[in-house]
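Hi,

Here is the structure I promised to pass on.

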Amino acid sequence: VTPPSTGTPSQKAMFEDALFIYDTLTTRLQPTEVKIAAYSIGTVVATHLALNRPVAAMALMAPLASVRRIVQEKYPWLPVRRADGSRAIISPAGIAA
């Protein structure tokens, strides 16, 4: 068992914790796929995790505007809102229309 953290909260620490938890759980449980969901500021950590580990699906609820932009840049085929507020539609070919 890992002792409680004695460090200072930071973005770096949250990112490291997410990767550590992912690695620990996937090693122990050996899932066939991992799906993650996050809300608000947690979407920042979830996006970091998805960029650094295999993730089958990700649900971001009330993401921060900058996270939305990162997701659009890294995963342009995801149906997220565009800058003008319109909904991106996924075509049968999997490309946002």
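Of the protein's 97 residues, 19% count as buried, where buried means under 20% relative accessible area, exposed means over 50%, and partly exposed is anything in between (1.4 Å probe, protein chains only). The accessible surface comes to about 7,100 Å², and 61% of that belongs to carbon and sulfur atoms; these areas come from the Shrake-Rupley method with a 1.4 Å probe, and for residues only the protein chains shown count as cover.

Before you read on, bear in mind that this is a predicted model: local features need pLDDT of at least 70, side-chain atom pairs count only at pLDDT 80 or more, and totals for chains, interfaces and linings use all residues. Residues are numbered from 1 along each chain as its sequence is written, and side-chain values use heavy atoms, with hydrogens and water left out.

On to the fold. The protein has 3 helices and 2 strands, and along the sequence they follow the pattern α-β-α-β-α. Helices (H or I, at least four residues) and strands (E, at least two) are DSSP runs, numbered from the N terminus. Among contacts in the protein with a separation of 6 or more, 22% come from residues 24 or more positions apart; contact here means heavy atoms within 4.5 Å.

Next, a helix pair. Helix α1 (residues 11–29) packs against helix α2 (residues 42–52) at an angle of about 55°, and their axes are 9 Å apart. That angle makes α1 oblique to α2. For the labels, angles under 35 degrees count as roughly parallel, over 145 as roughly antiparallel, 65 to 115 as roughly perpendicular, and the rest as oblique. The axes are lines fitted to C-alpha atoms, for helices over the stretch in contact, and angles run from 0 to 180 degrees between N-to-C directions.

Which residues meet where α1 and α2 touch? On the α1 side they are M14, F15, A18, L19 and Y22, and on the α2 side V44, V45, H48, L49 and N52. By class, that contact has 8 nonpolar, 2 polar and no charged residues. Here Ala, Val, Leu, Ile, Met, Phe, Trp, Tyr, Cys and Pro count as nonpolar, Asp, Glu, Lys and Arg as charged, and the others, Gly among them, as polar.

Leaving aside neighbours within four places in sequence, V45 is in contact with M14, F15 and A18. The C-alpha atoms of V45 and A18 are separated by 7.0 Å, though the two are 27 residues apart along the chain.

Then try V34, in the loop between α1 and β1. V34 counts as buried at 16% relative accessibility. Beyond its neighbours within four places in sequence, V34 is in contact with Y22, T26, P54, V55, A56 and A57. Its C-alpha atom and that of M58, 24 residues apart along the chain, are separated by 8.9 Å.

Last, two backbone angles. Q30 has a phi near 45°, a positive value in a residue other than glycine. Q30 lies in the loop between α1 and β1 (35–39), and at 63% relative accessibility it counts as exposed. S40 also has a positive phi, near 55°, and is likewise a residue other than glycine. S40 sits in the loop between β1 and α2 and, at 27% relative accessibility, counts as partly exposed.

Cheers
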